[in-house]
Amino acid sequence: MGQNSSITNLFREIGNAVTNKRNTMQNPSTPHLDGDTKRIITINHGPQQTKYITNNISTSKYSFISFLPKFLFEQFRKYSNIFFLCIAVLQQIPGVSPTGRYTTAVPLSIILCCAAIKEIIEDVKRHIQDGAVNKRRVLIFREGSWRYTTWRQVKVGDIVKVLDNEFFPADLVLLSSGEPNSICYIQTSNLDGETNLKVRQGLPQTAHMISSIQLKELLGVIECELPNRHLYDFAGTLKLNNVAFPIPLGSDQILLRGSQLKNTAWIYGLVIYSGHDTKLMMNSSSVPFKRTNVEQVTNSQILFLLLILVILCLFSTIAGEIWNYQNKSAHWYLGLTRLTGDKTANSPVNHFGYTFLTFFILFNNLIPISLQITVDLVKFIQAYFINWDRDMYDPETDTPANARTSNLNEELGQVKYIFSDKTGTLTKNVMVFKQCSILGIMYGSGNVAEFNSYELLKNLEYHSTGSQIREFLTLLATCHTVVPENKLRTESLNDIVYQASSPDEYALVSALKEMGVIFFRRTPDSVVINFRGTEEKYEILNVLEFSSDRKRMSVIVRTPNNEIKLFCKGADSVIMERLAPDEPNVPLTMEHLESFAKDGLRTLCLGSRILTNEEYNEWLIQYREASTAINNRNELVAEVAERIEQNLVLLGATGIEDKLQDQVPESLSMLLKAGIKIWVLTGDKKETAINIGYSCKLLSDQLLNLTLDEETLDDTRRQLREHCQTFGDSLRKENLASLVIEGKTLKYALSPSCRQDFLDLAISCKTVICCRVSPKQKAEVVELVKRSTDDITLAIGDGANDVGMIQTAHVGVGIMGREGVQAACAADYTIGQFRFLTKLLFVHGVWSYRRLCKVLLYSFYKNICLYVMELWFAFHNGFSGQILFERWTIAIYNVLFTAAPPMALGLLDRCCSAETMMRFPAIYKMSQNRSDFNIKVFWTWCLNAVYHSIILYFMSYAMLRHDVAYSNGQVGDYLLLGNIIYTYVIFVVCLKAGLESDSWTFLTHIAIWGSIASWFVFFIIYSSIWPTIPLAPEMRGMAKYVFSSMYFWLGLLLIPITALLTDFIYNCLQRTLYKTLMQEVQEKEVANQDPYDLVMSRQTSTVSRVAERLALLKSVFVRTRTPKMSGIIPGPYHGFAFSQEEDGVVPQNQLIRNCDTNIQKPPGL
Amino acid sequence: MSNQPATEDNHDEQKSKKPADTAFKQQRLPAWQPIITADTALPVFLIIGLLFIPIGIVLVVTSERVLEYDLDYTDTNCISSTGGNVTCADVLRSNNFTGASCNCTKTITLEQSYTGEVYFYYGLINYYQNHRRYVKSRDDNQLLGKAPPVSADCQPFQTSANGTAYTPCGAIANSKFNDTLTLSFNGTSVPLTNIGIAWTTDKAVKFQNPANPTTYFTNASRPPNWQKTPWDLDTSNNNTNNGYQNEDFIVWMRTAAMPTFRKLYRKLNLTNAGTFQNGLPAGNYVLTVQYNYPVTSFSGRKQFIISTTSWMGGKNPFLGWAYIAVGIICMIAFVIFFALHKTWKIQNRPPT
């Protein structure tokens, strides 16, 4: 398997190389000067000199014209189709085929037609999806006026206006926006998975263009690099006619397709890359072809079967040659000697090769011709069942589940590892202020959805801590980077909306607004709040920015009372260090923090300090010096800030809930129960990730929690070794342990020298959380697990940063949510909510797997059962290659008489009800272990088929051995025997499908009895068409004679029952002696009993065993714990969380200073 | 996706994408769940056992009631009546199979009287009528009475040396069985008929003589092994049983399934009153063979078979015994599963 995937990788790389080449090839064709190294776009100058590709996006496979050649090419890349095409061609050689000339060509064309219909349906869906995107409307400025147009008509050089919350139709250069200094906020979670908003700023030279009059005057040229796939890099220049020098353009001015405008009224942008040239599309590689495990087993078995086929043919040919050699002249009536005498020595009659081909054609159907199409169709409809499932429909976003490929349904039933993204997948990316602790008093409850402010407001008025509560609220209202806005331009404070790049701050400020502490105006040097009716103005003296090293943010304000105060908020660890000595509320606050952390809340500690004028002025001098330093400015500023952030008074702490998606903890616990290991791969910080781990119940005190956070390769290696050794015998087994690993450490852990240890350690844990991982690392981690274990991996995510892992994993699932379609486009399945994953796996996965296995096994079974009979008959006809049945009746065996039963098995079979499977995830373990389809099962079925054919052939042979089949003394012929056997075969094969069916719906009945009936109808009609239609003379009158023979009817009762009796007895024995869990549950279900006790009794033993092992492990870990070994989290993590863009285009400080809510914003018309 | 501009979206939203709630789409079709456990299997075994054993007994008895006599006349049972104590087979061989004929007689004794319809068969052993090249070597269009050219399938008996098509063409027709077998009882010949020995559909549809059969068949070239033209196959029933419609020919053209086979040759003509009114009485019969058909070259055997039939057909006890055997197996399975069921239940009873 490892080898296989490396081969696929190789192919993928070659594919990429080819696409890249194609991309670079496209551009030299542009006639323009310098066209091969850069792109030159004129602004407001009519059509572009170079023709660029349109903004039309197509993800469909075929077009009207390309359908036929492309489809045929696709089809004949499949081995089986080539095989049967060869057979069809071989049949054209005169005198070779024992079954006529078109008996393979016709079924093959029928099958190809079915495949074509399926492909057309699938591709039409894609065309419709593309159409929806291409037809989105956008306002563009072309030839001096605004007009609405569809996305597809947007051209390079167009100026577009994008409104708040809209997506960008192409890659744009930001010209100006409705915000001051042409700033705009964008959400790029689609592209890179980062949750915080990003700031982009237009060039000052274009910032003034806020109306069409000014836009019209914008004349110039943009030169930029050729389209490429680098999301974060861009280089270009803007040459304006009225500006003497070219102005550099960088990634700060670029708005990429796929991202979304947020908190900004509007922007003007100039299109630079369109359609498939956009960075988004350049990054979306086509969905790699995934081959499922079942398919691999099937393919290898087909090859083996092919080998058997060749051996059979060789054997028959040699036997035939020997027979010929010995009997050719003796059996004068055959006229064989005359034949050779007539022709040249190379005549087909006597040539070894020709005889071989005869047998090859005779036995070719041992490999089922209809397998591919049956499996394709079954999977196709199974995929529709997924789409149709109402339980997986998300009413909020109006999205049903969607199987984008039908290839992988059965893999869903075998998943052992789930790799999940965090933001947008497990969490909603909505922060809600939930609890706080002020001077040791806790407000709010973890159980209520929203913060209840009654208690707090009461204490604010009457309690002794009232003044501190006031201070607490004031701090939250002033110490942040949020910008208020009144879009309706009314006086009412309720109409204030906030724009924040940090969702945490947004949550806090919004919660304050609910409490009547309304932050409503920001000017470059002050913040004005309405504190429950009274307007207060706080002058912002300094902003000490947040960074992930500092883990805190402070502002120094001058209060209305003319006091200078330092407000500081940050992680508990850093705030606690900076408190004044003997702070009395520390223990209580710590306790509260711990309880917040246990609930998975994101915590912040708040502290304040009153500064004297002298103190402040002294510090200010140092600060100014540092902030104007040439070298190491950031470090110096941080150092100075450190000096003033001391001796804080602890005000309290806040707890913000990172809202989980619905039922995430429940779903995760079900998945864990099903023996699935869960890995969370997130780009977020360790603290945030651990918080979510707790709130999802992935981490808990009942687990052995390990963390890896090492700075160097050597440390990582040593730490991994130690952990592995401590695990001892339990390594690579199921342990109640969890592992948290930091992105940097992960980089070392994935290096070749650590890789094996890391893997050993990671798969010994139930859950693994990887923090700060890049999209590439996500894919690497998945690749590692996929390669080193034999298990099926599933990746689930919602953003473009998950695309890598979604494509790498065996199965990729995309969350089709409010935002973004990137992940969904790369995914194999899309669902609206994480919780639907359980039904997707437990019900659809298990059903699809079991059904598909049955379909595969059954398809082989039915073909072997019929066609191996030609071998038995060969023993009776001197290995001449004569067929026992009429040629067309066997040719349409697969397309008519036995086409429906496998479909019934593949679509309608149900082992247990969906409810039961959802209730008992333990059932999932059965299909996880691939017990339904492996080499052993496969060959058991094949042998079963051979056994059935022996029974059918030899019993029928014995029954008609004396030929006299009628009371009027008449005798039959070879075809009478053939048709009788054929009828029995139809019965046995159809009933065998029934025997393998766990549930018979009315459609199953139709499939089974209908197939049998169809043979009778066909037989009657077919036996009476000669000579009206010049076909099948040998069949004329056959039906009448078959049905008038008593032997036929008596044999019909006896022989199929005899053949199936062994299967029946086997099933019965198996049910009695070695019942599987699934079967027991099924029995209970049929008997209307609750299978709860049963499932539990089967589980308890393993649970207690694992628990024992945990206790042992914990003690070992504690005993061997060295001071250096920080790898174990003792209790819940005192995390903090604060997401804020760092090192952005506009610093936080400046962002605040730039803002003035008193100035009206331009409407942008 | 909810953040798209334009009005067309509002239009879309009215049409919810919620899947339809039908039993098929939600995979909730009511289903019968047959579970094969000892409980459900026991009655099945019992019913099969109780049903099959009696059927088997009836079939065995039926088969036993069928009377059958067969004689292998390939060599030693057919000594040339022209003297010299040579077998007819040797006579043919010594004449190099060039159409020489040989006659022999053989006395056979029926121990019992064969009452009712009696059928006479010839049997061939080690004769591969099911060989692929043989089976294929015919032209069904020609047999419908259509004019030449004939299909190349008939090779190597497609056309004669002078280029005209063989009528009928092909290896099957060429090798038509041409021994004549007659039977006499106490000097009177047993009345036999060759009408009604072929499948009715064959005679009515598949085999049709061309227009003007007399001239057609006399002008056409007959297969190399034939000593008569097709129109002279049956001299007694000139119009209805000659040419392609000759029933001996039709029977032969239905190629047998196995290298050991028999074909219906004659029926006892019961319409005649007299000795053979109720069948063949017991006693000595004389079989007269006109021995034309060579089989010894390939160690084949020829048989002459006299048989009555039951409501099922010829004598074949296999089906009866098979029924009995399967019935017994089911009964054994019943007993074993009954025992298993009892012991298993006791073992698996949950401790309460």
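Which residues does D421(A) touch, not counting residues up to four places away in sequence? I looked this up in what is a predicted model, and I noted L426(A), L681(A), K778(A), I796(A), G797(A), D798(A), N801(A), D802(A) and M805(A).

I then placed D421(A) along chain A, and found it in the loop between β15 (415–420) and β16 (427–438). Is D421(A) buried or exposed? With a relative accessibility of 4%, D421(A) counts as buried, since the cut-off for that class is under 20%. I also recorded a polar contact of 3.4 Å that joins the side chain of D421(A) to that of T425(A).

Next I turned to the interface of the two chains. I found that chain A brings 111 residues to the contact and chain B brings 103 residues, and that the area buried between them is about 9,500 Å², with carbon and sulfur atoms giving 64% of this area. On the side of chain A, the residues that lose the most area to chain B are W332(A), Y333(A) and R390(A), which together make up 9% of what that side buries.

I looked up R390(A) again among the charged pairs, where R390(A) forms a salt bridge with D21(B), the closest N and O atoms lying 4.0 Å apart. The count between chain A and chain B is 2 salt bridges, and I noted 34 residue pairs in polar contact across the interface, both residues at pLDDT 80 or more. Helix α38 (residues 1046–1073) of chain A gives the most to the side that touches chain B, with 17 residues.

Terms used
Residues numbered from 1 in each chain as written. Chains lettered and ligands numbered in written order. Predicted model: local features only at pLDDT ≥ 70, side-chain atom pairs only at ≥ 80, totals over all residues. Heavy atoms only, no water. Helix = DSSP H or I, 4+ residues; strand = E, 2+ residues; numbered from the N terminus. Buried < 20%, exposed > 50% of the residue type's maximum accessible area, 1.4 Å probe, protein only. Contact = heavy atoms within 4.5 Å. Polar contact = N/O pair within 3.5 Å; in protein donor to acceptor, adjacent residues only side chain to side chain. Buried area = accessible area lost by both parts, 1.4 Å probe. Salt bridge = Lys/Arg side-chain N within 4 Å of Asp/Glu carboxyl O.
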